[in-house]
Amino acid sequence: MHIHDFELDELRRAEKQSAWLEITGRADGGNWRLPLLTAIGAQDGPTLLVLAGVHGDEFEGIAAIPQVQRLINPRELRGRLVMAPICNMPACEAVQRSSPIDGLNLARVFPGDAAGSITRQIAWWLTQKLLRQADFLIDLHTGGIAYELPTLIGYVQDSGELGQASLAAAAAFGAPVMWGHPLPLPAGRSISAATSMGIPSLYTEARGGGGCDPDVVACFRDGVMNVMRRLGMITGAPSRRRLTHHLVGDGNLNTVIHAPVDGFFQREVSLLEPVKRGRRLGTILDATGAELARVDADQDGVVIMLRGIPPVQAGDGIAHITQPYHSPK
């Protein structure tokens with residue numbers, strides 16, 4: 001079935017289903033398809049949309065979604081659970097962050113364009129057919145092959161109804177780190193598209209490296225289930241990790257500290273380490289070990305992201321600093 005013809009409202013109650021939805025044609029004569037897992041409850045309730053595989057080198061979310069599906073009993077479910085475990089199939093097949101077809105980053109082109117290249121089409125159909133039907137969004141990410149972040153839940157930080165719903169769900173999710181992002185959010189993300197439509201949302205990050213960490217998979221699986229409990233979709237006791245850090249910042253990983261030159265980055269700090277502006281985060285060396293450039297913290301704060309792969313090219317992200325959260329008095 002082409003995704004144009006898919007209608008969530010036509011799915012039968014008290015059933016779980018899996019399907020492949022066609023997006024557009026492939027050069028080899030087949031079709032680019034989107035896998036979709038659904039569970040439609042016997043009772044009315046909210047619609048939760050869970051996405052993963054937006055970047056093709058992030059695997060824990062892809063693994064967590066089928067585990068959630070197996071745990072759900074649709075006869076006891078209130079509402080609708082809709083999950084797309086691999087949103088960016090071209091990038092996933094190539095095991096890279098962005099699409100090898102048009103070079104675009106799916107997490108930068110929402111809400112997409114039906115007449116655009118494949119990445120924009122994927123964003124369009126996800127927005128029109130799934131996100132617009134949702135009452136809440138969770139987008140499962142990690143640092144991918146190149147970057148390292150702590151296992152965290154990101155939320156919209158705002159005093160309004162949408163921000164408060166996002167904050168409460170982030171606390172319910174139960175990740176070790178919470179990271180709040182004040183409005184306005186950077187454009188092009190699934191969560192910024194959701195916010196523009198008045199839909200509360202969360203997203204995850206975790207240490208990358210190209211593997212699939214079972215503990216991160218479990219955290220994501222449990223977190224989705226915990227949010228479902230928060231939304232009143234299922235019952236049962238939550239399973240949460242102990243909160244170690246609550247941070248706040250714009251969350252825009254396009255505006256990180258960048259490598260000024262090509263070389264080999266040797267870092268000298270750790271994730272979640274407090275640093276002062278000007279603190280040396282590491283150095284970029286040439287093949288002989290000679291120092292080419294020093295990389296310093298651009299502000300006081302906490303290290304939230306580090307480059308995981310030592311070889312760098314000028315312009316690659318090296319590190320990102322964010323701030324501790326201070327509760328309003």
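Val50 stands opposite Met83 in strand 4. Getting from strand 3 to strand 4, the chain passes through helix 1 (residues 60-71), and this β-α-β crossover is right-handed (with the strands pointing away from the viewer, the path from the first strand over the helix to the second runs clockwise). Strand 4 itself (residues 78-84) is mostly covered, with six of its seven residues buried (buried: under 20% relative accessible area; exposed: over 50%; partly exposed: in between; 1.4 Å probe, protein chains only). Helices (H or I, at least four residues) and strands (E, at least two) are DSSP runs numbered from the N terminus.

This is a predicted model, so local features need pLDDT of at least 70 and side-chain atom pairs pLDDT 80 or more, while totals for chains, interfaces and linings use all residues. Residues count from 1 along each chain as its sequence is written, and side-chain values use heavy atoms, without hydrogens and water.

Now for the backbone. Most residues other than glycine have a negative phi, and most peptide bonds are trans. Ala14, in the segment before strand 1 (15-25), has a positive phi of about 60°. A cis peptide bond joins Leu183 and Pro184, with omega about 0°; Pro184 sits in the loop between strand 8 (177-182) and helix 5 (190-196).

Notes. Two strands pair if DSSP finds at least two bridges between them.
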